[in-house]
Amino acid sequence: MKNFEEVFTSYEWNDIKQKLENVTLSDVEYSLQKKQKTLDDFLNLISMAAAPKLEVMAGMARAITQKRFGKVIQLYAPLYLSNECQNICTYCGFSLDNKLKRKTLSDTEIMIEATVLKAMGVNHILLVSGEANKTVGIAYFLNAVRLLKSHFANISIEVQPLSEDEYRLLHQEGVHSILVYQETYHQEVYKQYHPKGKKSNFNFRLETPDRIGRAGIHKMGLGVLLGLEDWRVDSFFNAAHIDYLQKQYWKSKFSVSFPRLRPAEGIIEPNFIMEDKELLQLICAYRIWNEDLEISISTRENENFRNHIVSLGATSMSAGSKTNPGGYAVDPQSLEQFETSDERSMLDIKNVIRNAGYDPVMKDWDSVYSGF
């Protein structure tokens with residue numbers, strides 16, 4: 001099997017939706033008691049029928065996470081490099097049709113932002129940019145990584161889909177993780193959310209994790225934008241994608257994120273509202289289904305939710321995040337990708353984690369151990 005498209009085309013959106021609606025409480029109970037979980041079990045656990053079992057699922061998720069990952073939460077922060085973008089995406093503040101000031105950080109500005117992050121104690125950073133290949137392409141990313149890699153233990157990247165050769169170059173420079181979100185797996189409406197730009201190519205984006213895997217990247221992160229389409233169906237497809245990738249690229253590690261649609265300049269309202277209880281159900285379902293999967297929670301989520309998720313499946317959290325280029329020091333007023341919900345400082349989040357009986361970890365991996 002060469003790429004995920006073969007798996008993807010074996011499913012139909014409406015068929016998965018119907019299966020979810022047909023799940024019974026007894027199906028859920030059967031899945032919970034099984035030792036080895038399958039995608040069918042994941043489907044059962046995210047169904048509406050599983051809602052009465054949320055407390056049981058939360059207890060299982062807590063126990064599994066502590067067994068596999070211990071009582072630690074890795075902390076990281078994003079460093080936004082640019083808000084320039086050639087795409088029109090109806091849910092994003094960086095969308096090309098938002099006629100606002102654009103900014104791309106210079107080398108000096110990158111290092112100023114990095115200095116602020118280091119002062120916060122950050123050792124794991126996520127480099128983020130809009131999708132503007134002409135101004136913010138592979139040469140820019142490689143330069144940014146070279147500037148930063150001696151200052152941070154771990155560098156991850158969340159940028160536009162690249163070619164396999166470009167991912168290999170990033171791997172050679174020491175990039176640890178690549179994050180790419182399909183946004184929605186509903187192919188028929190994908191074009192409505194992405195009417196212009198390279199991102200409108202559904203299949204090119206769908207094939208991106210395969211290119212990342214073939215390039216030998218240490219870890220890849222997936223997710224869907226919760227709020228665009230039915231979260232249950234989208235999450236099933238995302239889990240199917242992860243299931244395929246883990247089998248195909250077994251040397252790599254995998255993480256899943258749960259971005260809920262947040263307010264931003266010029267964006268649409270969510271098409272589907274996802275309640276906190278439903279997000280908790282989804283996170284618990286992922287953990288029960290896949291013990292090795294890393295689970296990341298961003299500052300998109302509110303303080304109360306993030307306080308409680310510390311002990312219910314999370315393995316990493318962002319803190320003190322700014323979602324605009326230069327947001328930490330250089331240009332705090334530049335265009336944000338989205339509004340954060342949890343605006344507490346890195347120190348505040350460390351204290352929340354400690355008060356929950358867990359350890360906040362700023363550095364748990366170093367490139368010196370990977371052969372770079």
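The second largest cavity is lined by 18 residues. Q74, Y76, S156, L179 and K219 lie nearest its centre. The space in this cavity is about 220 Å³. A cavity here is a set of points, on a 1 Å grid over the protein atoms alone, where a 1.4 Å probe fits but cannot get out; lining residues have an atom within 4 Å of a point. Volumes are the space filled by probe spheres set on the points, with grid points joined across faces, edges and corners. The model is predicted: local features need pLDDT of at least 70, side-chain atom pairs count only at pLDDT 80 or more, and totals for chains, interfaces and linings use all residues. Residues are numbered from 1 along each chain as its sequence is written, and side-chain values use heavy atoms, with hydrogens and water left out.

β1, β2 (124-129), β3 (154-158), β4 (177-179), β5 (219-222), β6 and β7 (294-297) each give at least two lining residues. Strands (E, at least two residues) and helices (H or I, at least four) are DSSP runs, numbered from the N terminus. The lining holds 5 nonpolar, 11 polar and 2 charged residues. Ala, Val, Leu, Ile, Met, Phe, Trp, Tyr, Cys and Pro count as nonpolar; Asp, Glu, Lys and Arg count as charged; the others, Gly among them, count as polar. Over the whole structure, 6 cavities of 30 Å³ or more are found.

Pockets were treated separately. A pocket is an open set of points with protein on both sides within 12 Å along at least five of seven lines. The largest pocket has a volume of about 510 Å³. Its lining comprises 23 residues, with R68, F69, K253, D292 and E294 nearest the centre. Two or more lining residues come from each of α5 (54-69), β1 (72-82) and β6 (253-257). β1 gives the most, with 3 residues. By class, this lining has 7 nonpolar, 9 polar and 7 charged residues.

The second largest pocket has a volume of about 320 Å³. Of its 15 lining residues, Q36, K37, W289, N290 and E291 are closest to the centre. α5, α12 (231-248) and α13 (276-289) each supply at least two. α12 gives the most, with 3. This lining divides into 5 nonpolar, 4 polar and 6 charged residues.

Helix α4 (residues 39-46) is mostly covered.

The largest nonpolar core has 101 residues. Such a core is a set of buried Ala, Val, Leu, Ile, Met, Phe, Trp, Tyr and Cys residues joined through side-chain atoms within 4.5 Å. L127, L148, L170, Y185, F258, L282 and Y286 touch the most other members. Beyond four places in sequence, L127 is in contact (heavy atoms within 4.5 Å) with residues including L79, L81, A144, L148, I155 and V159. A second, separate core of 16 residues includes L179, Y181, L225 and L228.

G137 lies in the loop between β2 and α7 (138-148). G137 is buried, with a relative accessible area of 11%. Neighbours within four places aside, G137 contacts A132 and Q160. G137 and F272 are 135 residues apart in sequence and 33 Å apart in space, C-alpha to C-alpha.

Conventions. Buried means under 20% relative accessible area, exposed over 50%, partly exposed in between (1.4 Å probe, protein chains only).
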